[in-house]
Amino acid sequence: MAITFEQYIIAISTTLVCTFGLAFNGIALFLLFRLSDLRNAFGYMCTSHIITNFGVIFCFLFWGVPMTLTQSELSAGNIGKAVAGISILFWEVSIYSHVFVALNRFVAINMPLKYMSVFGKRTAFTFITASWILAIAHVLPFFVDGCGIHYTIDSYLWLYDSSPCSQWIAKWMDFYLSWFWMVFIGFFDIINVIKIVSIWRGLSTVTVTGQRKRRETIFFAQAFSQNILFAVGNYCFHSAIFWVSDTIAIYMLTTFFWGAIHGLDGLILILFNVGMHRKKIVANLNTLFKNNNVQHPWESIPPPQSPQTLGTTFDSVNVMTFNISSNSLN
């Protein structure tokens, strides 16, 4: 069977968005392991979230693209439903990750003195484990006969089956539950924004407290941007069919945008944290040059002293020498 032009467009588009997504999330994962500021509860939850991005992208790239080009009936079989269920698993973990990150930012911004006691490593890993357990419970019905989701080779969408079980999950556990968590996250985000605005004006970024508050605000801005991205993606996935009727247009607003979300999610983490990595590189270079007694080119050269200053220094030295000589003579 010859591959149509439409199939080429879909396959190339998915491959491109997945390739960029792998690159962005790879860099983001590198920063998460590299930056000491992210070796905390927030960073650990972001790491779990980045892993889910990889999971969704792998499902799109190594299953969606081959099924698009081959038009294989495996897509609607048990293997296809299992792959689609795994992609939903990663999506649900990312949703719960956003929920727990929202709680993390709320405590960090509104209760900073209690943050370390509330969000230690044990709490972080408890939340991470809970997000995966809840997501697994969400997708377990997909592995039961008569209930599932698969990638459609004619419309290039990840769609629920027409069975009553699948439609119930699509309506209540996917659409309504996802929007419940989006509203939940938005509630805490609004409280955080109000708090940040109230304290930011009178806060100096020179002090240690100011620098810590600035860092927490940057982390919140990162999480807030990712929340907006996922909310828009969730809306498009469930309502795009009511906007357009063209196959490629629906694909762009659902499958393509879904893959793009997980790629842009990594890019957002990079944009908000690459500055800290750059500062770390500069600090390491400063230490290296200092240990080797080498003056690096960006080090400021002290300005030349004026003749008056030189004269004063010289006279002071002469006076000191004279006093020492007089004492020795006595």
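1. A crossing of two helices is called left-handed if the near helix is turned anticlockwise from the far one by less than a right angle, and right-handed if clockwise. In this predicted model, the crossing of α1 and α2 is left-handed.

2. The contact that α1 makes with α2 involves 16 nonpolar and 10 polar residues, and no charged ones.

3. How are the axes of these two helices placed? Those of α1 and helix α2, which covers residues 41-70, come within 9 Å and cross at roughly 160°. Angles over 145 degrees count as roughly antiparallel, and α1 and α2 are therefore roughly antiparallel to each other.

4. Helix α1, which covers residues 5-34, includes Ser-13. Is Ser-13 buried or exposed? Buried means under 20% relative accessible area, and because its relative accessible area is 17%, Ser-13 is buried. If its neighbours within four places in sequence are left aside, Ser-13 is in contact with Tyr-251 and Phe-256.

5. Turning to the chain as a whole, its secondary structure consists of nine helices and two strands, and these follow the pattern α-α-α-α-α-β-β-α-α-α-α when read along the sequence. Among the contacts between residues at least 6 apart in sequence, 76% join residues at least 24 apart.

6. On burial and surface, 42% of the chain's 330 residues count as buried, while the chain exposes about 18,000 Å², of which carbon and sulfur atoms supply 70%.

Methods:
Residues numbered from 1 in each chain as written. Predicted model: local features only at pLDDT ≥ 70, side-chain atom pairs only at ≥ 80, totals over all residues. Heavy atoms only, no water. Helix = DSSP H or I, 4+ residues; strand = E, 2+ residues; numbered from the N terminus. Buried < 20%, exposed > 50% of the residue type's maximum accessible area, 1.4 Å probe, protein only. Contact = heavy atoms within 4.5 Å. Areas by Shrake-Rupley, 256 points an atom, 1.4 Å probe, with all protein chains shown as cover. Axes fitted to C-alpha atoms, helices over the stretch in contact; angles between N-to-C directions. Parallel < 35°, antiparallel > 145°, perpendicular 65-115°, else oblique. Nonpolar A, V, L, I, M, F, W, Y, C, P; charged D, E, K, R; others polar.
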